[in-house]
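Subject: Handover of a protein structure

Dear colleague,

Please find below the structure that I am handing over to you. My notes on it come after the display.

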Amino acid sequence: MAGLQASFLKRTGIINVILMAVVVCIACWLAAWALLGDSVAYLGFINAGGLMYGFVALAAGLVLLFRRRWIIGVLGLALAIFLLAYPSGTNIAASEDRLLPSDIRIMSASLRGLNQDMAGTAAHLAQYDADIIGLQEVYDANAFKTALENTTQKTWYMAVQGKLTILAAFPVTINAAPVQSILSAQIAIPGRTLTVWTLRAPKAYQKPLVNRQFFSALAKEIDVLEPDAVIGDFNASPWNHGYATMDAKMVNAQKAGGFGAGSSFPGPARNSGLLGAFARIDHVFVRQGRRIVNAFTGTAYKTSDHHPVVADLRLAKQAVSAE
């Protein structure tokens, strides 16, 4: 009996040590993130998992409190609260329903593995009733446009550059690309014109300078050209330098009008995606002063490795000048 008790206490002690080590590791990562950001090679990949570390800290903290390891348990909970709240939207009324018919619904989606099923992909994305769709990794934009028109039974206008596509329910004019890997278009919605950019940012975390140069160039062009919305696959979570750069220039839709983490990656096409998305790297950013009233993350379709992200933009009514 004494031997069994000693064995149990030994196993319990080992579990406590492991859980405490997990909490300490997460605390050390958070300190490294605060000091270094993405400046060290490959650290950007590690930083992208910030939300996931929050869930791990929560589980470890609760178990440690149950085991009466008060100090390290409280530390785990404190880390979890910060990590889970930091990137999250707070609009508890967020939903997939459009609040007003006049709101402009913007959606971003990465097709990748969906290019082989344009009809199914178009039908899946059409359910979100977007007015403006920014697509990345599109291999045949014309085929998708045709499929979307067949599904929705309405005309769509399109701008294409490489594997980037913007489709809109309103006339579209393509602009000169402000930065490589970006598609810029002007969309003539009733009463005004919106400038929308879609992009797929380079990961380049093995070369942090490349990543920083891209977002630095993007930020400078945003200052000059003032697009109304910049959407797409930023390959940057709220824990990455690229997101911080954009967040300083524009309003993130999920943060302003969504609820919760809004994780968009990975989808079911990735093995890890079978456990659910754990990083938000797809974003809708809008110009300062624009009002986001709703935002949410859609479901991924079959072989997609990204979930679509959606935001509703409410534009102020333009004053009518007296003649």
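The notes below move from the whole chain to its sheets, and then to single residues.

**Basis of the notes**

This is a predicted model, in which local features need pLDDT of at least 70, side-chain atom pairs count only at pLDDT 80 or more, and totals for chains, interfaces and linings use all residues. Residues are numbered from 1 along each chain as its sequence is written, and side-chain values use heavy atoms, with hydrogens and water left out.

**The whole protein**

The protein has nine helices and 14 strands; helices (H or I, at least four residues) and strands (E, at least two) are DSSP runs, numbered from the N terminus. Taken along the principal axes, the box filled by the C-alpha atoms is roughly 90 × 40 × 40 Å. Of the 323 residues, 48% are buried, where buried means under 20% relative accessible area, exposed over 50%, and partly exposed in between (1.4 Å probe, protein chains only).

Contact means heavy atoms within 4.5 Å. Among contacts between residues at least 6 apart in sequence, 66% join residues at least 24 apart.

**The sheet from strand 4 to strand 13**

Six strands form an open sheet of mixed pairing, in the order 4-5-3-2-14-13; two strands pair if DSSP finds at least two bridges between them. Strand 4 and strand 13 (291-297) stand at the edges with a single partner strand each, so one side of each is left without a neighbour in the sheet. On average, neighbouring strands of this sheet are turned by 15° against each other, direction ignored. Axes here are lines fitted to C-alpha atoms, for helices over the stretch in contact, and angles run from 0 to 180 degrees between N-to-C directions.

Strand 4 (residues 157-161) and strand 5 (residues 164-168) are antiparallel and pair over five bridges, with Met158 facing Leu167 of strand 5 as its bridge partner. Two residues lie between the strands of this hairpin, where Gly162 takes a positive phi near 60°. Strand 2 (residues 104-110) and strand 3 (residues 132-136), by contrast, pair in the parallel sense over five bridges. Ala109 stands opposite Leu135 in strand 3. Helix 6 (residues 141-152) lies across strand 3, strand 4 and strand 5, and runs at about 160° to strand 4.

The loop between strand 3 and helix 6 holds Glu137. Phi of Glu137 is near 55°, a positive value in a residue other than glycine. Glu137 counts as buried because its relative accessibility is 13%.

**The sheet from strand 6 to strand 10**

A further open sheet of six strands, again with mixed pairing, has the order 6-7-8-9-12-10. Its edge strands are strand 6 (172-174) and strand 10 (250-252), each of which pairs on one side only. Here neighbouring strands are turned by 25° against each other on average, direction ignored.

Strand 8 (residues 192-200) and strand 9 (residues 229-233) run parallel and are joined by five bridges; Leu199 has Gly232 in strand 9 as its bridge partner. Helix 7 lies across strand 7 (182-189), strand 8, strand 9 and strand 10, at about 175° to strand 8.

Asn211 is found in helix 7 (residues 208-225), and it counts as buried because its relative accessibility is 2%. Leaving aside neighbours within four places in sequence, Asn211 is in contact with Pro202, Lys203, Ala204, Tyr205, His241 and Gly242.

**Further residues of note**

Pro266 is placed in the loop between strand 11 (259-260) and strand 12 (282-287). The peptide bond from Phe265 to Pro266 is cis, with omega near 0°.

Arg68 is found in the loop between helix 3 (50-66) and helix 4. Its phi is near 65°, a positive value in a residue other than glycine, and at 63% relative accessibility Arg68 counts as exposed.

Leu75 has its place in helix 4 (residues 70-85) and is partly exposed, with a relative accessible area of 33%. Leu75 and Ala57 are 18 residues apart in sequence, while their C-alpha atoms are 8.7 Å apart in space.

With kind regards
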